[in-house]
Amino acid sequence: MAAAEDNLSLVVHGAGVIRLENRSVPEPGRNEVLIKMHSVGICGSDVHFWQHGRIGDFVLRKPMVSGHEASGAVIKVGSDVTHLRTGDRVAIEPGVPRENDNFCKTGRYNLSPTIFFCSTPPDDGCLCRYYVHKANFCHKLPEGVSYEEAALIEPLSVGIHACRRAGVTLGSNVLICGAGPIGLLCLLVAKFMGAAQVLITDLYPERLLAAKEMGADITVQAKRETPQEMADIVSGHLSGMPDITIECTGAEACIQTAIYATRSGGTVALVGLGSPMVNIPIVNASSREVDIKGIFRYCNTWPVAISLVASGRLNVRSLVTHRFSLEDSLQAFETTHQGHGIKVMIRCDKDDPL
């Protein structure tokens with residue numbers, strides 16, 4: 001076991017204040033496991049909490065360990081844990097219901113108002129050497145799935161949940177706004193679920209190149225077009241309006257584009273989080289019966305996501321473009337903040353260095 005002070009952790013203290021510090025190694029409760037962390041991906045929300053100290057109603061009021069896209073190895077199990085043992089490699093599902101409320105009973109535990117979620121105030125995340133988590137939300141990895149792939153199960157789950165909620169199916173024409181990590185994973189999932197054509201938009205040509213390499217049928221670089229103009233461009237490329245739009249940016253103009261672009265009777269899925277108040281053409285959506293669906297994290301996705309990666313049907317490895325050690329995680333956050341690459345991954349295990 002590590003020394004009590006040897007739990008290096010990346011801690012957000014407030015808007016603009018983030019630093020590495022040692023914390024004690026936690027002890028697992030009876031339904032928990034202690035995990036030696038290996039790989040943790042940086043999410044845009046992690047950077048947002050660092051930069052602004054809040055996302056919507058989630059406000060940082062005390063220091064918080066960052067990180068929620070994660071994997072590692074079990075090194076100690078609680079007395080009531082039977083399905084995991086020391087040495088098991090696991091992917092961590094960061095959202096854990098605290099009570100069996102009606103949302104849990106109906107299978108939508110992500111909506112439970114009391115849910116624990118890694119690196120969302122007031123709950124600590126797992127960007128550290130050692131971390132304790134509920135055993136039932138630690139998913140054992142098959143042979144052949146790497147720690148980095150396992151850390152990507154979390155953002156992949158967002159893509160699965162979004163495509164399920166949006167109703168992607170055989171023959172769907174899909175517009176994806178934003179070719180960041182979540183948009184690219186929505187692209188992979190939509191193609192796997194049978195989408196006939198996927199058009200993806202972004203401001204940056206390097207991201208659109210990555211989208212093309214990952215299977216996008218059409219890429220469009222957004223410039224200075226109005227939302228209506230961008231909707232017309234999309235329609236022209238697809239020879240008609242898309243059945244489904246998955247909006248992954250949270251930008252007001254992109255949400256407006258999503259509504260204008262989607263065919264009457266179609267669906268807009270809102271994945272990206274931006275300003276808490278946005279102006280949208282709601283009468284346009286209403287008069288054309290365009291359904292607008294919110295996407296909040298995910299639920300019931302981990303087993304299928306792991307299976308898809310393990311089988312090779314979804315290749316997520318190419319998303320990782322930058323790698324840093326835990327000691328260099330401040331540089332990793334700055335790299336993400338500057339918009340370099342696609343997914344930045346942090347190696348927490350000092351016994352398996354980069």
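I take a residue as buried under 20% relative accessible area, exposed over 50% and partly exposed in between, with a 1.4 Å probe and protein chains only. The model is predicted, so I note that local features need pLDDT of at least 70, that side-chain atom pairs count only at pLDDT 80 or more, and that totals for chains, interfaces and linings use all residues. Residues are numbered from 1 along each chain as its sequence is written, and side-chain values use heavy atoms, with hydrogens and water left out.

Entry on helix 5. I take helices (H or I, at least four residues) and strands (E, at least two) as DSSP runs, numbered from the N terminus. Helix 5 covers residues 181–192 and reaches 17 Å from its first C-alpha to its last, close to the 16 Å expected, where the expected span is 1.5 Å times one less than the number of residues. I found 9 of its 12 residues buried, namely Pro181, Gly183, Leu184, Leu185, Cys186, Leu187, Leu188, Val189 and Ala190. With contact meaning heavy atoms within 4.5 Å, I list among the packing partners of these buried residues helix 4 (153–166), helix 6 (205–213) and strand 14 (197–202). After helix 5 comes Gly194, with a positive phi near 110°.

Entry on helices 7 and 8. I looked up how helix 7 (residues 227–238) packs on helix 8 (residues 252–261), and the angle is about 50° with the axes 8 Å apart. The pair is therefore oblique, given that angles under 35 degrees count as roughly parallel, over 145 as roughly antiparallel, 65 to 115 as roughly perpendicular and the rest as oblique. The contact is made by Pro227, Gln228, Met230 and Ala231 of helix 7 with Ala253, Gln256, Thr257, Tyr260 and Ala261 of helix 8. I sorted these contact residues into 6 nonpolar, 3 polar and no charged, counting Ala, Val, Leu, Ile, Met, Phe, Trp, Tyr, Cys and Pro as nonpolar, Asp, Glu, Lys and Arg as charged, and the others, Gly among them, as polar.

Entry on Leu238. This residue lies in helix 7, and I count Leu238 as buried because its relative accessibility is 5%. Leaving aside neighbours within four places in sequence, Leu238 is in contact with Gln197, Leu199 and Ile218.

Entry on Arg129. I located Arg129 in the loop between strand 10 (116–117) and strand 11 (130–134), and its 6% relative accessibility is why I count Arg129 as buried. Beyond neighbours within four places in sequence, the contacts of Arg129 include Asp6, Glu327 and Lys350.

Terms used
Axes are lines fitted to C-alpha atoms, for helices over the stretch in contact, and angles run from 0 to 180 degrees between N-to-C directions.
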